[in-house]
Amino acid sequence: MWDSFYEQFITYDGYKLVLQGLQNTMVIALLGLVIGIVLGTIVAVIHVAGTRSKVARVFAAVGDVYTTIFRGTPIVVQLLVFHFVIFLPLKININGVWESVIVFGLNSGAYVSEIMRGGIQSVDVGQLEAGRTLGLSFTVTMLKVVFPQAVKNVVPTLGNELIAITKDTSVAGYVGTTDLTLAFSSLASNDYKIILPYIFLALVYLVIVIIFTVIIRVVERRLRKSERRS
Amino acid sequence: MKEEVKRQLLASDAYAEEDVSVAARLARGERVALIEVENLTKKFGDLVVLDDITEKVEQGEKVAIIGPSGSGKSTFLRCLNVLEDPTSGAVYFEGANLVDKKVDINLHRRRMGMVFQQFNLFNNMNVLKNITLAPVHIGLHDLRKTKAKNALLRFTNLFRSAANKKTLLPVQTSAKKIREDAKQNALRLLARIGLADKANVYPSTLSGGQRQRIAIVRALAMNPKVMLFDEPTSALDPEMVGEVLELIKELADEGMTMVIVTHEMGFAREVATRVLFMDGGKIQEQGTPQQIFGDPQNERLKDFLSKVL
Ligand SMILES: Nc1ncnc2c1ncn2[C@@H]1O[C@H](COP(=O)(O)OP(=O)(O)OP(=O)(O)O)[C@@H](O)[C@H]1O
Ligand SMILES: [Mg+2]
């Protein structure tokens with residue numbers, strides 16, 4: 001068993017495929033989350049500001065439709081729809097990794113918008129009012145006062161989102177992107193001995209998630225310390 | 001002679017029909033008070049919280065607002081700087097109707113300080129930054145605006161003949177100077193309240209009394225024309241009420257115009273030049289502290305005073 005795995009992995013350059021898969025998985029997860037944070041934050045702010053004007057209300061409604069759709073359908077289905085219904089017919093020819101980045105970004109944006117909305121609402125409304133009574137605009141008060149506090153409140157939840165999206169990327173192979181799962185699967189399918197590749201696959205995800213968990217804890221502790229600083 | 005009588009009649013007619021609304025008085029160039037509230041009504045859903053209030057605050061006045069819980073005192077105060085959007089009516093501050101959506105509300109709010117029951121210091125900033133945030137931001141914003149206008153002028157001047165060139169707007173300040181001035185001003189204000197050593201600490205490490213005094217000087221850093229206080233001592237431990245009231249009294253003695261919602265009747269009696277008693281969304285009675293506390297007329301006011309005094 002070991003011998004054939006070793007052969008697959010080293011002699012037939014299987015490790016290159018796995019490294020490629022690891023890289024793609026990380027790119028999709030991290031870039032996807034970055035896009036998700038930007039998008040989700042915008043949607044959340046528009047929603048919070050939604051009652052202020054008619055234009056904002058229209059945008060808020062658009063945001064609601066977006067979050068409903070992306071939270072209401074499985075990520076695999078979203079990938080398939082984007083691949084076969086949007087990208088292929090429109091002859092948009094982009095690298096499968098970027099295609100996944102876009103879909104995972106949109107998907108995560110829907111979740112992050114809910115997280116951010118909660119984060120913003122967890123900041124006492126008095127903070128916004130204090131800024132406004134000093135003559136600062138809504139936007140400036142949001143950026144300088146409300147946001148930094150909201151972000152502090154949502155770091156743990158955003159950490160969970162990072163872990164979730166990392167594991168979710170395992171379905172990117174459905175549209176032919178070589179992620180970790182697809183890489184290990186192709187090792188397995190080259191051989192009757194399928195046990196080891198899948199065990200290693202599981203271990204790699206586990207290690208990634210543990211590393212992320214540790215990083216998130218450190219960030220959290222840093223943030224909490226800065227608040228107590230005297 | 002006949003002509004004379006006719007003219008007098010006309011004049012008295014005109015007088016009888018003279019429009020005394022703030023808008024009309026402003027149009028005639030007449031003086032209006034610092035704050036004039038006109039037919040102010042505020043509803044939350046079906047609940048009428050402010051019921052057609054017309055009132056004014058003259059420069060230099062110290063107006064105390066008293067009344068039972070839920071009578072609309074906070075809402076009234078928050079309508080003065082349109083933190084709460086009135087359902088109908090107008091709020092004039094320095095002759096500008098703040099309810100008018102075309103008015104740049106941020107410009108006017110700079111000149112109205114507000115102090116909350118819950119202090120509302122910015123939790124994510126140290127004390128110094130709390131005080132300098134708004135002055136620095138607004139200073140830099142204005143500077144950028146002036147510079148942008150000058151750039152435009154310079155560009156359009158290229159197409160003007162030498163005689164027609166427009167002069168640039170004066171720029172006497174710099175970003176660095178704005179920051180430094182704001183800092184010095186903040187430190188001066190902190191020294192005044194004896195908290196100079198707290199400039200670099202975060203609000204969470206301060207006592208309620210210290211936080212509230214810092215909230216007050218944060219508002220003062222904008223050089224406001226009027227200060228609005230909403231129960232500034234109600235969230236404080238009893239031993240800290242004194243230091244905050246002392247600071248407010250100092251401001252009053254320096255001539256600051258103020259409107260203060262308070263449950264501290266002793267303070268209202270001592271500092272206020274006029275007391276308003278609110279109940280059921282209306283100003284039921286008003287007068288000097290002597291009149292309100294010494295010789296109340298309104299039954300509800302008598303009832304209220306018998307409970308709180
Ligand atoms: N945002 C809001 N939405 C709905 N109702 C509100 C809102 N703000 C205030 N109210 C209601 O309006 C009424 C007046 O409230 P307000 O806070 O002005 O009273 P107050 O005189 O300041 O009372 P207190 O002495 O308790 O501070 C209350 O019945 C309150 O429940
Ligand atoms: Mg109140």
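Where is the place of Arg213(B) in chain B? Arg213(B) sits in helix H7, residues 208-220. A word on terms: helices (H or I, at least four residues) and strands (E, at least two) are DSSP runs, numbered from the N terminus.

Ground rules next. This is a predicted model, where local features need pLDDT of at least 70, side-chain atom pairs count only at pLDDT 80 or more, and totals for chains, interfaces and linings use all residues. Residues are numbered from 1 along each chain as its sequence is written, chains are lettered from A and ligands numbered from 1 in the order in which they are written, and side-chain values use heavy atoms, with hydrogens and water left out.

Back to Arg213(B). Is Arg213(B) buried or exposed? Arg213(B) counts as buried because its relative accessibility is 12%. Buried means under 20% relative accessible area, exposed over 50%, partly exposed in between (1.4 Å probe, protein chains only). What does Arg213(B) touch, leaving aside neighbours within four places in sequence? Its contacts are Ile193(B), Leu195(B), Glu243(B), Val244(B) and Leu247(B). Contact means heavy atoms within 4.5 Å.

Gln210(B) is in helix H7 of chain B too. Gln210(B) has a relative accessible area of 18%, so this residue is buried. Not counting residues up to four places away in sequence, Gln210(B) touches Leu195(B), Lys198(B) and Glu243(B). Take Lys198(B): 12 residues separate it from Gln210(B) in sequence, and the C-alpha atoms are 9.4 Å apart.

Now the ligand. Around ligand 1 there are 13 residues. The closest are Ser69(B), Gly70(B), Lys73(B), Ser74(B) and Thr75(B). Here, near means that a heavy atom of the residue lies within 4 Å. By class, the shell holds four nonpolar, seven polar and two charged residues. For those classes, Ala, Val, Leu, Ile, Met, Phe, Trp, Tyr, Cys and Pro are nonpolar, Asp, Glu, Lys and Arg are charged, and the others, Gly among them, are polar.

Which elements of chain B each supply at least two residues of that shell? Strand E2 (47-57) and helix H3 (73-80) do. H3(B) gives the most, with three residues.

Look at the oxygen atoms of ligand 1. A polar side-chain atom of Ser74(B) is 2.7 Å from one. A backbone N or O atom of Gly72(B) is 3.0 Å from an oxygen atom of the ligand. For Ser71(B), a backbone N or O atom lies at 3.2 Å from a ligand oxygen. Taken alone, ligand 1 exposes 630 Å², and the protein buries 59% of that. Accessible areas come from the Shrake-Rupley method with a 1.4 Å probe; for residues, only the protein chains shown count as cover.

Next, the interface. 28 residues of chain B are in contact with 22 residues of chain A. About 2,100 Å² is buried between the chains, and carbon and sulfur atoms give 58% of it. Buried area is the accessible area (1.4 Å probe) that two parts lose on being put together, summed over both. On the chain B side, Phe122(B), Asn124(B) and Tyr202(B) lose the most area to chain A, together 24% of what that side buries.

Last, chain A. How many helices and strands are there in chain A? Nine helices and zero strands. Of its 230 residues, 43% count as buried. Helix H9 of chain A spans residues 195-228 and holds Val218(A). Val218(A) counts as partly exposed because its relative accessibility is 38%.

How values were computed
A polar contact is a pair of N or O atoms within 3.5 Å; within protein, one must be able to donate a hydrogen and the other to accept it, and residues adjacent in sequence count only if both atoms are side-chain atoms.
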